[in-house]
Amino acid sequence: MKSLANALLILCLLAASCEAQGLGRRAPAARSPRRTAGRRDPNEKVFNVLQYGAKPGGKKDSALSFIRAWRAACNYRGPARLLIPSGTFLIGATIFQGPCLGPVPIKVQIAGTLKAVPDPSMYEEDFWISFENINGLLVTGTGTVDGQGNAVWKYSSGDARLPSSIKFNHVVNGILRQITSVNPMGFHIAIVLSQNIRAKNLHITSPATSPNTDGIHISQSSQVKVSRSVISTGDDCIAMIQGSTDISIKKVTCGPGHGFSVGSLGKYPDEKDVRGVIVTNCTLRNANNGVRIKTWGGSAPSKASNILFEDIIMDNVKNPIIIDQAYGSKSSPSRVKISDVRYINIRGTSTSEVGVDLQCSKAVPCENLYFSNINLKYSGQRKLPFSSTCTNAKVNYVGNQFPPPCR
């Protein structure tokens, strides 16, 4: 028994010595780069578009290869990731369609650059890349989506809408993050008939002169959150049109562009109401408009209500605060009812002598407009009085107001 005890003591001393010297120690699982990142399910299967015939180089249309890879990923019953690796890929109109069979979310990782076929006749619908009928979707990566719109903008006119670069159509529980979008033919991103969508850490850019290139265009969708993104474009940075409800825009920088817009509304019959829009902690630089609500003259009845613009910085913005209810047509009054709109803590500079311009409809005047702590300064070239203008608007003022409020 004594010899056994001595043997055990020696073994313990040897083990302690080895541990002190780092011998025989297993590396903690948390130190594994893959585990530390926490981004990759070990059971996840990756579907690389190269394995389905996609050709990098940007010369051959690889749309069919992308669709084949998507179908394989979407039909896989385990965790799936569609991978678009580094390189440049030319693709025409592409639909990633669900529903999918595996656990949610299905993931799309864009590491390379996608370039659109720059020929409008190749697009029968209003999109270039569309995600449709999917419940649970993550589109992410550090890649770039290039619509090559500079080759087709000359064809933009009237209601002839050129295709959006990315469209979410009937998507529920979707995330779009980190993607760079440049030079779309039409809108950069369109979110339509969708619910619970997050768009964050996006970089969206096209020239100030590019026509109808909305950064993010939202319609008939609810619970959409856009955050921590930079948008420079030729039209609205973010447009929330008919049927947009429970929308949150936070920490977004806009400019150049036409600002954060509710509308245009009322262009078509039977449009759905807009309500529950929050735009906070945002910055606009060298933009045509800041925060805007726009409705068509002669519209059918609808409503825009419960809207908040708070903690907004304007840096050389032409129309910092504007309601335009004669947008597009002045033939007869708009019948879109605007009410319960709050403007709180808005500051900065205006390049026009009218910092607050509220042109509401005589048929349905604006009601319950609330202004608190507005501090704008005129930065234009001409020495003119800095003012507010109000027509058919019922406004309540609290705190500092500059320009001076309408009376």
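**Close-up views of a predicted model**

**View 1. Ser62 and the residues it touches.** Ser62 touches Ala54, Lys55, Leu90 and Ile91, leaving aside residues up to four places away in sequence; contact here means heavy atoms within 4.5 Å. This is a predicted model, in which local features need pLDDT of at least 70 and side-chain atom pairs count only at pLDDT 80 or more, while totals for chains, interfaces and linings use all residues. Residues are numbered from 1 along each chain as its sequence is written, and side-chain values use heavy atoms, with hydrogens and water left out. You will find Ser62 in the loop between strand S1 (45-48) and H3. Helices (H or I, at least four residues) and strands (E, at least two) are DSSP runs, numbered from the N terminus. The side chain of Ser62 reaches the backbone nitrogen of Lys55 at 3.1 Å. With a relative accessibility of 2%, Ser62 counts as buried (buried is under 20% relative accessible area, exposed over 50%, partly exposed in between, using a 1.4 Å probe and protein chains only).

**View 2. Helix H3 and its buried side.** Helix H3 has 13 residues (residues 63-75), which at 1.5 Å a residue should span 18 Å; its end C-alpha atoms are 18 Å apart, in agreement. The expected span is 1.5 Å times one less than the number of residues. In H3, the residues Ala63, Ser65, Phe66, Ala69, Trp70, Ala73 and Cys74 are buried. They cover an arc of only 165° around the axis, so they sit on the same side of H3; the arc is that of the directions from the helix axis to the C-beta atoms.

**View 3. Phe47 meets Tyr76.** A search of the whole structure finds 11 aromatic pairs. The rings of Phe47 and Tyr76 have centres 5.7 Å apart and planes at 65°, so this pair is edge-to-face. Rings of Phe, Tyr and Trp (its six-membered ring) pair if their centres lie within 6.5 Å; planes under 30 degrees apart count as stacked, over 60 as edge-to-face and the rest as tilted. Phe47 lies in strand S1 and Tyr76 in the loop between H3 and strand S2 (80-84), 29 residues apart. Phe47 is buried at 3% relative accessibility, whereas Tyr76 is partly exposed at 29%.

View 4. Phe66 and Phe89 form an edge-to-face pair, 5.8 Å centre to centre with 65° between the planes. This pair links Phe66 in helix H3 to Phe89 in strand S3 (residues 88-91), 23 residues apart. Both Phe66 and Phe89 are buried.

**View 5. A cluster of rings.** Ring pairs link Trp70, Phe96, Phe131 and Phe168 into a cluster.

Key:
Polar contact = N/O pair within 3.5 Å; in protein donor to acceptor, adjacent residues only side chain to side chain.
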